[in-house]
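Q: Hi! Could you walk me through a few spots in this protein model?

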Amino acid sequence: MAPPRPTGSVTITTFDAYPTAPEFYGPLKILQAPNDPSRWFVLEQQGYVNVFPVNDPAANTTYLNISDRVNDSSAEAGLLSMAFHPDFPNTPEVFISYTGIPGGPFVSKLSRFILDDPIAPVNVIEEVLLTINKPSGFHHGGDIAFGNDGFLYMGVGDGGDANDPLNSGQDTTTLLGAMLRINVLGVPYPSPAYTIPSTNPFAGNPVCGPDNNALPCPEIYAWGFRNPWRWNFDRPTGQLWLGDVGQNTREEVNLVVRGGNYGWRCREGT
């Protein structure tokens with residue numbers, strides 16, 4: 001439960017944690033590799049993954065450049081998130097969520113990138129795992145992370161139009177407006193791209209994407225979201241805490257559980 005709302009004036013002060021680091025363009029996320037606190041990875045919206053040593057931020061370099069396949073022409077589109085393989089660097093793979101296609105329609109993509117070198121990759125193989133056609137350039141969600149269960153989670157927005165006219169949040173035959181959960185560990189390249197956890201609400205149905213299915217999508221873990229932009233797991237408990245972007249009056253913080261319906265577009269906040 002949230003504590004009582006503060007009364008009186010509140011002052012917030014920010015400071016530059018790494019003043020010698022370069023100025024980044026549209027930095028959307030910062031993260032570290034498993035069991036490696038020596039480096040920070042910074043994602044730039046236009047398609048760059050940067051890396052700098054904690055003890056020498058000025059020594060920033062480009063770790064990955066996928067700007068040639070990223071469509072960042074909308075304020076909410078671009079390179080959105082990245083997750084390291086839990087056994088990184090022994091398994092030199094990262095998973096990246098971004099929007100394509102440059103100069104074309106907006107498409108949400110989730111890809112596995114197989115690296116030739118986990119320190120400074122040069123030759124990289126991309127395997128697109130999921131493709132989701134989007135009706136507009138907004139509400140992509142796009143955050144990804146591995147849960148304590150070893151599965152890869154991905155938040156997907158409703159598609160962007162006001163009031164969700166397609167009612168994607170309540171339509172489980174589409175991947176839009178949902179939290180997805182898939183298994184990518186131990187799944188060989190190049191196929192199959194992923195498998196479905198047997199405990200997903202609609203496990204057993206044919207996989208979805210890029211458009212609607214006839215049956216509910218087996219990738220769905222929970223649904224009823226508007227734009228699940230950022231979320232995280234509580235490390236000790238594994239609980240999934242999610243910030244969902246509201247439309248007019250209220251934002252949401254949701255404690256997400258398997259099979260949960262979080263209300264959009266029927267409800268906003270209340």
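**Cysteines and a buried asparagine**

A: Happy to! Let's start with Cys217, which counts as buried at 0% relative accessibility. Keep in mind that this is a predicted model.

Q: Which residue does a disulfide join to Cys217?

A: That's Cys208, and the S to S distance is 2.0 Å.

Q: Remind me, what is a disulfide?

A: It's a covalent bond linking the sulfur atoms of two cysteines.

Q: Is Cys208 buried or exposed?

A: Cys208 is buried, because its relative accessible area is 5%, under the 20% cut-off.

Q: And is the disulfide of Cys208 and Cys217 left-handed or right-handed?

A: It is left-handed, because the torsion about the S-S bond is about -85°.

Q: How many disulfides are there in the whole structure?

A: A search of the whole structure turns up one.

Q: OK, new topic. Where is Asn200?

A: Asn200 is in the loop that runs between strand S11 (178-182) and strand S12 (220-223).

Q: Buried or exposed, that Asn200?

A: Buried, because Asn200 has a relative accessible area of 4%.

Q: What does the side chain of Asn200 reach?

A: It reaches the backbone oxygen of Pro218, at 2.9 Å.

Q: Which residues is Asn200 in contact with, leaving aside neighbours within four places in sequence?

A: Those are Arg181, Pro218, Glu219, Ile220 and Tyr221.

Note on methods: Residues are numbered from 1 along each chain as its sequence is written. This is a predicted model: local features need pLDDT of at least 70, side-chain atom pairs count only at pLDDT 80 or more; totals for chains, interfaces and linings use all residues. Side-chain values use heavy atoms; hydrogens and water are left out. Helices (H or I, at least four residues) and strands (E, at least two) are DSSP runs, numbered from the N terminus. Buried means under 20% relative accessible area, exposed over 50%, partly exposed in between (1.4 Å probe, protein chains only). A polar contact is a pair of N or O atoms within 3.5 Å; within protein, one must be able to donate a hydrogen and the other to accept it, and residues adjacent in sequence count only if both atoms are side-chain atoms. Contact means heavy atoms within 4.5 Å. A disulfide is a pair of cysteine sulfur atoms within 2.5 Å.
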